[in-house]
Amino acid sequence: MTSSLIAGVDEVGRGPLVGDVVTAAVILDPNSPILGLDDSKKLSEKKRVALSQEIKRSALAWSIGRASPLEIDQLNILHATMLAMTRAVQGLAIQPNHVLVDGNRCPNWQYSSEAIIKGDGSVAAISAASILAKVERDQDMLDLDAQYPAYGFAKHKGYPTKVHMQKLAELGPLANYRMSFKPVKAALGARQGQLAE
């Protein structure tokens, strides 16, 4: 039975300019299959939220890992993502025998693991992780939107859309922004230039 303790791991939020990169690790119960699991990007928001509740109820173990904007700035986004993935797996109540990671590389950790390209659409445990991470990060953006409605975080979720770039130029970056990302750096520089005038 122990051979079935396989964790799926995925991340959400490498591309946005603001907020944490969020990862999830999930060990599904082989005796309680969850119907409808898929890459979170292919599911409606309503479906993702419903599935995330079901995953949390019926998985053997699940955990969220994060790396902050400050850690992203210090380490770079790739290394911060690997750190967040490690935190997610370490946070599992049951430690897995093997870890399947979405993408083309695994963190440098002590776990037996393999990377699976497009795993979020083909491996149930990775799909489950992608759903949990996406719902968690979207909630972060809704919380940020409630605090700073002028930026429109609920709509663009922190990604560098045209509207977001306009707001960033107009209002300047908040402390939650990733200051090492080029558009944020540029907005910060422009803002400092205006203040110096």
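Reader: How many charged residues does the lining of the largest pocket have?
Author: This is a predicted model, in which local features need pLDDT of at least 70, side-chain atom pairs count only at pLDDT 80 or more, and totals for chains, interfaces and linings use all residues. A pocket is an open set of points on a 1 Å grid over the protein atoms alone, where a 1.4 Å probe fits, with protein on both sides within 12 Å along at least five of seven lines; lining residues have an atom within 4 Å of a point. Asp, Glu, Lys and Arg count as charged, Ala, Val, Leu, Ile, Met, Phe, Trp, Tyr, Cys and Pro as nonpolar, and the others, Gly among them, as polar. By these classes the lining has two nonpolar residues, five polar ones and, as charged residues, nine.

Reader: Which residues are the closest to the centre of the largest pocket?
Author: The space in this pocket is about 280 Å³, a volume being what is filled by probe spheres set on grid points joined across faces, edges and corners. Of its 16 lining residues, the closest to the centre are Asp 10, Glu 11, Asp 39, Lys 41 and Asp 120.

Reader: Which element gives the most to this lining?
Author: Residues are numbered from 1 along each chain as its sequence is written, and side-chain values use heavy atoms, with hydrogens and water left out. Helices (H or I, at least four residues) and strands (E, at least two) are DSSP runs numbered from the N terminus. Helix H4 (124-147) and E1 each supply at least two lining residues. The most, three residues, comes from E1.

Reader: How far from Asp 10 is the nearest side chain of opposite charge?
Author: Asp 10, found in strand E1 (residues 6-12), is buried, meaning under 20% relative accessible area, with exposed over 50% and partly exposed in between (1.4 Å probe, protein chains only). A salt bridge needs a side-chain nitrogen of Lys or Arg within 4 Å of a carboxyl oxygen of Asp or Glu, and Lys and Arg count as positive, Asp and Glu as negative, with His and the chain ends not counted. Asp 10 has no salt bridge, and the nearest such side chain, Lys 41, lies at 5.8 Å.

Reader: What is phi of Lys 118 near?
Author: Most residues other than glycine have a negative phi. Lys 118 lies in the loop between strand E5 (113-116) and H4, and it is exposed because its relative accessibility is 65%. Its phi is positive, near 60 degrees.
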